[in-house]
Amino acid sequence: MATAQLLSLTGVSKVFPGVKALDNVQFDLNEGEVHAIVGENGAGKSTLMKILSGIYKKDAGDVKYRGQSVEIPNPFEAQRLGISIIHQELNLMPHLTVAQNIYIGREDRRPGRVFLDNPKLNEEAAKLLAELELNLDPKAIVGELTIAKQQMVEIAKAVSYRGTVIIMDEPTSSLTPAETDALFKIIRTLKAAGKGVVYISHRLEELAKITDRITVIRDGQYVKTLKTTETSIPEVISLMVGRKVDQDQRPTNRNISSEIVMKVDGISDRHLLRDVSFELRKGEILGFAGLMGAGRTELARAIIGADPKTAGTITLHGKEVKIKQPSDAVAAGIGYLSEDRKRFGLLLIQNLTFNVILSSIPRFSKFGWLRIKPAAGVTRDVISQLRVRTPSENQFVKNLSGGNQQKVVIGKWLTRNCDILIFDEPTRGIDVGAKDEIYKLLTKLAEEGKSIIMISSELPEILRMSDRVAVMCNGRLTGIIDNKDANQEVIIEYATKFSDELPAVH
Amino acid sequence: MSEDLTTTQSEGGNKVSAFVRREIGRVAALASLVIIFTFFTIMRPVFASWANVSGGILMSTTVIGLLAIGVTFVIITGGIDLSVGTSMALVAVITGKTVMAYDLNVWTGILFGMLVGGLLGAINGLLITVLKLPAFIATLATMKGAQGLALIISDMKPILFATDVEGWDQIARGNIIPNFPNAVLILFVAAIIGSLILNKTVLGRYNFAIGSNLEATKLSGVKVNRWLVAIYALCGVYVGLAAVVITSRLGSAQPDLGLGYELEAIAAVIIGGTSLFGGKGTIGGTVIGALIMSVLINGLRILELQQEWQYVVVGAVILFAVFADNLRRRRAGDTTV
């Protein structure tokens, strides 16, 4: 077929402090084509798309648009070229109408015009929606539409720029199967009109339905481009996962007692979680794997009462406990270490002592008076026990490195004597050397009899640390695998089980 | 890293400079106070006379100072209380009426005033935590509500009760320490107690924790809502004390006196170096801030500057104080403000 090439990227690289996010990546897109980009979390998909849409600047490489080398220094330039992006998180103004959202920032502002011409805006939007065969009222308030319809508004907005390249980042992540089919119909309309679609998705089974080609990237590097008709899901998975090296690292055989410390039964919430049940044993590290948005953090927050649950019970040491707010969880001995330490874990502008005793202040007080001296002593113990690198316990936490900040949060929960610890992405934002130290610390805690839930998006980390691996997809627990049976392929398979047929959970 | 090392080495060896660095906000505020004071003394030596200092400057600091101490607790949580001025008027009116109706003695009267103030503060706290209203809105509403209720209950007339209660006029104007008005003594004692609460008690610790990071504090198992109600109630107790002092000074409860005091109190807190973003602040700084405002007003009045221009100068000082504080923080690489 003699289709024109729309985009061609070669040798694109991008470095963030300490990380090479993209290294010599190539990619191309033709007219009337849907080209998927797949890769694990952190493989560099989003970075690549942000370079294409002018949010990041590439450090090296060449971007050609219709054969011409172009620079895309900002989103306006991307739009001018005809590149539109639909982000995973929708960027709509919920209080405005469909038409107002589509044309935001492009209202008629000729001199002499005082008021906005809403009827004309609606008329234009109606034409556009008809063209895309979208069943939407231009005058509807966006906030009152379903997520799927809001997504359609985003697509209409992207098309309204009369662009030729439309990037869709995880467009189906919050859609039902029927809505997904509707989306695919729109994508086919766009294809027929000669537009090029860059399609990013974790849902591998969708790729066969909608894409023409698939490019796999891994650890910021280009792996391979495949024709959809000539490949299979297992091949894509094995290319995504690639390396076998890290799989050697497995937990040393620990003696995990059969004692069940926590039993979670049938937890659901209003948005995502559906009937999640599992058991946590004494001294075990239970890994939680899954793709972004699978509901792992939501599950943790539901367990500790930070967000409301609509169903489900939590049993600790054989006794059901009612956890309605985080203080209930803490009183029951459950500590949660958020992936976003700065927002949910630390008092950055306060010193180490303050942070370490925050959960245990009643223990350091008498008749409402604080006893600073024992608190400082305990903090010094934490510093030496966890090897926190700090000049003293009076240092402000914001001056510590990421790894040391994480240790302070751990110290807070150890001081509180929590025996169930939920680590959400324990090594996020922590450099490689410190990661190892955190791993050793987690292992040591488990050996001392703490029970640990470890949520992680890094599969090597999951495999290295977890005695068992629980895998979630779309708010459900799709499987629990013993470490000896687990590998990256199996985990990805469970993590992409979007269908209703769930494997038996044991 | 190198910064960490230097801190380790200089620790112990250089306590004074460490203290200055840590307390720079208060040190700077105190230095400004001294400079302003010296300036007025040179311009008009009468300014420094004890009569002017005690009767003029200190005495006029007492009410705003007490309100400002109360608001300091609230601002350190990251909140705000706009109702302290009119709440003070409401407490004054209720206390006056009650003292007359039940023939309370001076001590029960004082306690009653503080209790009513505490209850009004607790209402603010409940609106903010239970109804989840932003502090600005909740206390704006109670500010207007208190203003109205004070006028309704008093029938828009001053309540002349102070002379009927033995010793009520002595609360502010008496001299337990010779030549030192009791009101000023009350301010200083209340400030010391406030400082102890803030720095030495569980309540004070949670106060800083909530202001530093409410979400993290909640996830650490602290019952944040309860403590917030307690903190707003504590602010109210100081408002109650201010009401007692102002009725004693004036000899009556004035239902329409109080509106605008809240902004002067907030200004004192900010000049004293407390961060409006929460998590940082001192009672000492607030008292210095309140003193700076009184010294300015008093000095400008002695210089016979017109009242209109006094306002302009106070406005400029607030701007300067906050700007200087921001500049200092930015230089120290502090992005948290």
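## Buried residues in chain A

A residue counts as buried here if 20 or more other C-beta atoms lie within 10 Å of its own. By that rule, 47% of the 506 residues of chain A are buried in this predicted model.

## The overall form of chain A

Let's step back to the whole chain. Chain A holds 17 helices and 22 strands. Its radius of gyration is 25 Å, close to the 23 Å that the globule rule gives for 506 residues, so chain A is as compact as a globular protein of that length. Along the principal axes, the C-alpha atoms of chain A fill a box of roughly 70 × 55 × 45 Å.

Contacts in chain A can also be sorted by sequence separation. Among those between residues at least 6 apart in sequence, 69% join residues at least 24 apart.

## Where chains A and B meet

The contact between the two chains takes 26 residues from chain A and 25 residues from chain B. On the chain B side, helices H1 (2-10), H10 (202-212) and H11 (214-219) are the elements that give two or more residues. H10(B) gives the most, with six residues. Sorted by class, this side of chain B has 10 polar, eight charged and seven nonpolar residues.

## A closer look at A:Asp59

A:Asp59 sits in the loop between helix H1 (45-52) and strand E4 (60-65) of chain A. With 14 other C-beta atoms within 10 Å, A:Asp59 is partly exposed.

Leaving aside residues up to four places away in sequence, A:Asp59 touches A:Ser13, A:Lys14 and A:Val15. A:Gly11 is 48 residues from A:Asp59 in sequence, and their C-alpha atoms are 10.0 Å apart in space.

Note on methods: Residues are numbered from 1 along each chain as its sequence is written. Chains are lettered from A and ligands numbered from 1 in the order in which they are written. This is a predicted model: local features need pLDDT of at least 70, side-chain atom pairs count only at pLDDT 80 or more; totals for chains, interfaces and linings use all residues. Helices (H or I, at least four residues) and strands (E, at least two) are DSSP runs, numbered from the N terminus. The radius of gyration is taken over C-alpha atoms; the globule rule is 2.2 Å times the number of residues to the power 0.38. A residue is buried if 20 or more other C-beta atoms lie within 10 Å of its own, exposed if 12 or fewer, and partly exposed in between; C-beta atoms are placed from the backbone. Two residues are in contact if their C-beta atoms, placed from the backbone, lie within 7 Å. Ala, Val, Leu, Ile, Met, Phe, Trp, Tyr, Cys and Pro count as nonpolar, Asp, Glu, Lys and Arg as charged, and the others, Gly among them, as polar.
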